[in-house]
2 protein chains.
Amino acid sequence: MLAAARDAFAERGFEGASIRGIATAAGVDPALVHHYFGTKDQLFLAAVQAPADPEELLPEVLAGGPEELGRNLLGMFLRVWDGPARAGGLALVRSAVGSEWTAKLLREFLVARVLRRVVGTLGYSPAERDARGALVGSQLIGLVMTRYVLKLEPIASASRESLVEAYAPTLQRYLTGDVVLPG
Amino acid sequence: MLAAARDAFAERGFEGASIRGIATAAGVDPALVHHYFGTKDQLFLAAVQAPADPEELLPEVLAGGPEELGRNLLGMFLRVWDGPARAGGLALVRSAVGSEWTAKLLREFLVARVLRRVVGTLGYSPAERDARGALVGSQLIGLVMTRYVLKLEPIASASRESLVEAYAPTLQRYLTGDVVLPG
């Protein structure tokens, strides 16, 4: 079932894939998929082996309003990555870098589960939402690569507080500032 | 000789490694290393399998002065990555993500050959130079991951010009702007 789910999410994306289609591909009843994995959201998290559920963390990130979004997103992101979820997150990034197929899953995860939900609260058109979301994603994945993979100093051993201060203006500009959208 | 060079650069960094030490480790005469690889710079590029020599591209990046540095660095960076060097660059990133040892070499390459030379022109203390360089590096590696590895839209297929416009203010702030240094 998980293999069928990974294929479906990688091929059709989070929105396009259905529990019914995944069950058919796996040769089982949809009720069995629901029984083992719960909702489509939960099945997706299991399929990408996500070490944390952004959904649970989102209310706290959004609580400060649009002008605090960059700072709050960074604070949450670094707290998760500095915690026990890091090993799973790094495994996902490593796998995505080596495989087109896991890259698709990680992209779906970032887009459907993180960026759309964060940027989606700001009332942009879909095109602007996706462009701003991708800019935010590019700085966050760059921070992960620098701090946890390449371990480039002083970022590798910097305090979370100083990283939030350094990066918050960048994220805030990508989220709500004056920016030429890539296209 | 290349294996000995990789060990030396990964262990002692670009500054700390010497042609003499590498020759001794490889059991050959230093003159032979010079004969095959030229200078320490050239040996380093061969050891990390760098697909482009930043040294050759730097004068053009610096020509516009400090206030154009972010824009010119981005333009050069994207031109190189959109060209034939991309395959080699991606191979280096993939390898670095899977291996601590290649990660050290890539870090040395970024620090010693790219960031220090670019940020080194701005007259900061070594600590500030390294911090600003690491911030710049984190956005550049994030752009590589987003555009070429994860292929996140609209960044994956965006024009170079629009990406330069979108990212130049970020890089310029990290280089010469008001920024809380990570530490």
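**Figure 1. The two domains of chain A.** The domain assignment divides chain A into domain 1, covering residues 1-47, and domain 2, covering residues 51-176. The structure shown is a predicted model. A distance of 25 Å separates the C-alpha centres of domain 1 of chain A and domain 2 of chain A.

**Figure 2. The area buried between the domains.** Together, domain 1 of chain A and domain 2 of chain A bury about 980 Å², and carbon and sulfur atoms account for 66% of this area. Within domain 1 of chain A, the residues that lose the most area to domain 2 of chain A are A:A10, A:F44 and A:L45. These three residues together contribute 49% of what the domain 1 side buries. In terms of contacts, 11 residues of domain 1 of chain A meet 12 residues of domain 2 of chain A.

**Figure 3. Salt bridges and polar contacts between the domains.** Three salt bridges are counted between domain 1 of chain A and domain 2 of chain A. Elsewhere in this view, the side chains of A:D41 and A:R113 form a salt bridge, with an N to O distance of 2.8 Å. Three residue pairs, both members at pLDDT 80 or more, are in polar contact between domain 1 of chain A and domain 2 of chain A.

**Figure 4. The side of domain 1 that touches domain 2.** In chain A, helix 1 (2-16) and helix 4 (40-47) each supply at least two residues of this side of domain 1. Helix 1 of chain A gives the most, with seven residues. By residue type, this side of domain 1 of chain A comprises six nonpolar, one polar and four charged residues.

How values were computed: Residues are numbered from 1 along each chain as its sequence is written. Chains are lettered from A and ligands numbered from 1 in the order in which they are written. This is a predicted model: local features need pLDDT of at least 70, side-chain atom pairs count only at pLDDT 80 or more; totals for chains, interfaces and linings use all residues. Side-chain values use heavy atoms; hydrogens and water are left out. Domain bounds come from an automatic or database domain assignment. Contact means heavy atoms within 4.5 Å. Buried area is the accessible area (1.4 Å probe) that two parts lose on being put together, summed over both. A salt bridge is a side-chain nitrogen of Lys or Arg within 4 Å of a carboxyl oxygen of Asp or Glu. A polar contact is a pair of N or O atoms within 3.5 Å; within protein, one must be able to donate a hydrogen and the other to accept it, and residues adjacent in sequence count only if both atoms are side-chain atoms. Helices (H or I, at least four residues) and strands (E, at least two) are DSSP runs, numbered from the N terminus. Ala, Val, Leu, Ile, Met, Phe, Trp, Tyr, Cys and Pro count as nonpolar, Asp, Glu, Lys and Arg as charged, and the others, Gly among them, as polar.
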